[in-house]
Amino acid sequence: MTELRTEDRLHAPDEVYQALVDAHDGLSDAESRQLNARLILLLANHVGDHQVLAEAAATARSSVLTDRDG
Amino acid sequence: MPKAYVHPTFPFAPPPELAAGAVGKTTVAVVGGGPVGLTLALDLAQRGVETVLLDEDDTTSHGSRLICMSKRTLEVFDRLGAGAPFQKKGVVWNKGRLFFGETEVYAFDLLPERDQAWPAFVNIQQYYVEDFLARAAQATSGLALRWKNRVVDVAVAGDGVTLQVETPAGAYSLQADYVVACDGAASTVRHALDLPFVGRAFPDRFLITDVTMQADFPSERWFWFEPPFHDGQSALLHKQPDGMWRIDLQIDADSDPDAEVREENVRPRIQRMLGPDAKFEIEWISLYTFRCRRLERFRHGRLFFAGDAAHQVSPFGARGGNGGVQDADNLAWKLAAVIKGDAPAALLDSYEAERIPAADENILNSSRSTDFMTPKSPAIRDFRDGVLALARDHDFARRMVNSGRLSVPAVLTGSPLNMADTEPFAGAMVPGAAAVDAPVKGPEGHDMWFLETLGANFTLLIYGQQLSLTEADVDPGLRLLFAGPGGPDVMDHAGRLAARYDLRPGTGYLFRPDRHVSARTRRVSPEWVQAALARARGKAIQ
């Protein structure tokens, strides 16, 4: 079973961040929300392994819940 | 009430217990004459088990209710000799279409493997289902149909179950060696024993309407997410016999149920869907909230629960009635084998071992479909709408679209009756799988379906090889079938059987009386057959 990799794997972190920013350029809030949903779905298919995805979702969720408790 | 169907009145006869003033006795009592109870009673009686069926009513279902009979259900009815009227009267369908807004997203085929006797589904109103099964039951000896017999109380003892029954002519007690409660989601038997029905209720409501009209929609399942005619909610259209159409419309969770089911409120909704010029008549209206729940145990000593009395699911997916028929199919041969002394009482433990996981699978699928149709937050709705939008161009998203995962027979993996494979096999016919059909020829060269050759008891299929093995050598209750490209018992002329079961010369399959695979091997020996049979009869259950 593959595990979620959370160590730094990005060769070009600025490019990755900029790609996310650019994707939302000129979109309404509703369109942006749809973009995020479709982006996650496309990446989920690329990952392919539902356990990796579940682990990523749990990691993100726990990060959000930490903010709540913070 | 439908106009094309006349509800029969089944005869009420004062039960003999009243005149005799004594407690009645029977081997098995089935409570409830719906599709599940009738299937079970028919199956038991055909296996020679003395059976009494008790139903509180004296006619068939009042509304169309369940309409989608799955391939497996039809195969069970056919095994019981009741298949023909479904073929004649039902609306055959194999395809579904999905729409998002105004556009079709994609179409899917539920029967990719053709060349089978029965289609993926036949649509037919529940009153016809009960009518056909009741007529078959009336023609079956050893089966007493007691209409207008209402069970009001139940007492379970170690050696049997006693039912208190009320009839228009008076009340009586009936003592049965075994009782099976098939009395639906509001089961009187379940309530009498105060057994909790645990699970999840969904706040969302669906309005179910049957209309009759002249229309040229094809025999397909059409499902809309956010259609323009229905304020962004879900809708489903299904064809039924007699020019009748089933229309399901999702309505707001906080709507007033009493107002929603009034015809003057339903009619404009349907008119918006069908267009301003459409002429139709409303035949039946029902409203329900979805529930996915089940009993913790399906067996309490000699009392069993089957169908909606044991488990309840949301209707999208046709898993309620079809799941219930699979319960009946699973239990009948086991009860018969134990009653006749062909199997130890432990065989009955396998009913729960097999049907609770099947119910959980139905509940899981049904809950997920409901969650997909009714997103619970804006963020979840974003994903749902994202899946539907991507589905236009991407196969992966199509496979995520969930408008109901339609009923397929449960694969009884992990059953204590299965013998694990010891050699590699390809394909879907693993131990626990329901036998798939294939076109074959019989001993005289006539066309047959493979499932017809299996009969109603254990069957051992041996492929491509004549062994000096006879029924008497291994077991008197076993049917032996030699198959191959040239027969002799089953002629696999087109090679479909070999392909679907991964058959090679020497391969053997053991099928149970309910036509599930219980064991298979590449080399049949009398010892293997005896071991597999013993296991399938529950002899390994502690």
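Buried residues account for 3% of the 70 residues in chain A. A residue is called buried when 20 or more other C-beta atoms lie within 10 Å of its own, exposed when 12 or fewer do, and partly exposed in between, with C-beta atoms placed from the backbone. The model is predicted: local features need pLDDT of at least 70 and side-chain atom pairs count only at pLDDT 80 or more, while totals for chains, interfaces and linings use all residues. Residues are numbered from 1 along each chain as its sequence is written, and chains are lettered from A and ligands numbered from 1 in the order in which they are written.

Chain A contains 3 helices and 0 strands. Its elements follow the order α-α-α from the N terminus. Helices (H or I, at least four residues) and strands (E, at least two) are DSSP runs, numbered from the N terminus. The C-alpha trace of chain A spans about 40 × 30 × 20 Å along its principal axes.

Chain B places 9 residues in contact with 6 residues of chain A. Contact requires C-beta atoms, placed from the backbone, within 7 Å of each other. On the side of chain B that touches chain A, two or more residues come from each of α11 (378–390) and α12 (395–398) of chain B. The most come from α11(B), with 7 residues. By class, this side of chain B has 6 nonpolar, 1 polar and 2 charged residues. Here Ala, Val, Leu, Ile, Met, Phe, Trp, Tyr, Cys and Pro count as nonpolar, Asp, Glu, Lys and Arg as charged, and the others, Gly among them, as polar.

Chain B holds an open sheet of 8 strands with mixed pairing, in the order β6-β5-β13-β14-β15-β12-β16-β19. Its edge strands are β6 (103–109) and β19 (311–312) of chain B, each pairing on one side only. Strands pair if DSSP finds at least two bridges between them. Strands β14 (residues 235–240) and β15 (residues 244–251) of chain B run antiparallel and are joined by 6 bridges. B:A235 has B:L249 in β15(B) as its bridge partner.

Helix α8 (residues 263–274) of chain B lies across β12 (197–212), β14, β15 and β16 (281–295) of chain B, at about 95° to β16(B). Axes are lines fitted to C-alpha atoms, for helices over the stretch in contact, and angles run from 0 to 180 degrees between N-to-C directions. B:G275 follows α8(B) and has a positive phi, near 105°.

Strands β9 (residues 150–157) and β10 (residues 160–167) of chain B pair in the antiparallel sense over 7 bridges. β9(B) and β10(B) form a hairpin with 2 residues between them. B:R150 has B:E166 in β10(B) as its bridge partner.

A cis peptide bond, with omega about 5°, joins B:G487 and B:P488. B:P488 sits in the loop between β23 (478–484) and β24 (490–491) of chain B. B:D194, a residue other than glycine, has a positive phi near 55°. B:D194 lies in the loop between α6 (188–192) and β12 of chain B. B:D194 counts as exposed because it has 6 C-beta neighbours inside 10 Å. Phi of B:A318, also a residue other than glycine, is positive and near 55°. B:A318 lies in the loop between β19 and α9 (320–339) of chain B. B:A318 is buried, with 25 other C-beta atoms within 10 Å.

Terms used:
Two residues are in contact if their C-beta atoms, placed from the backbone, lie within 7 Å.
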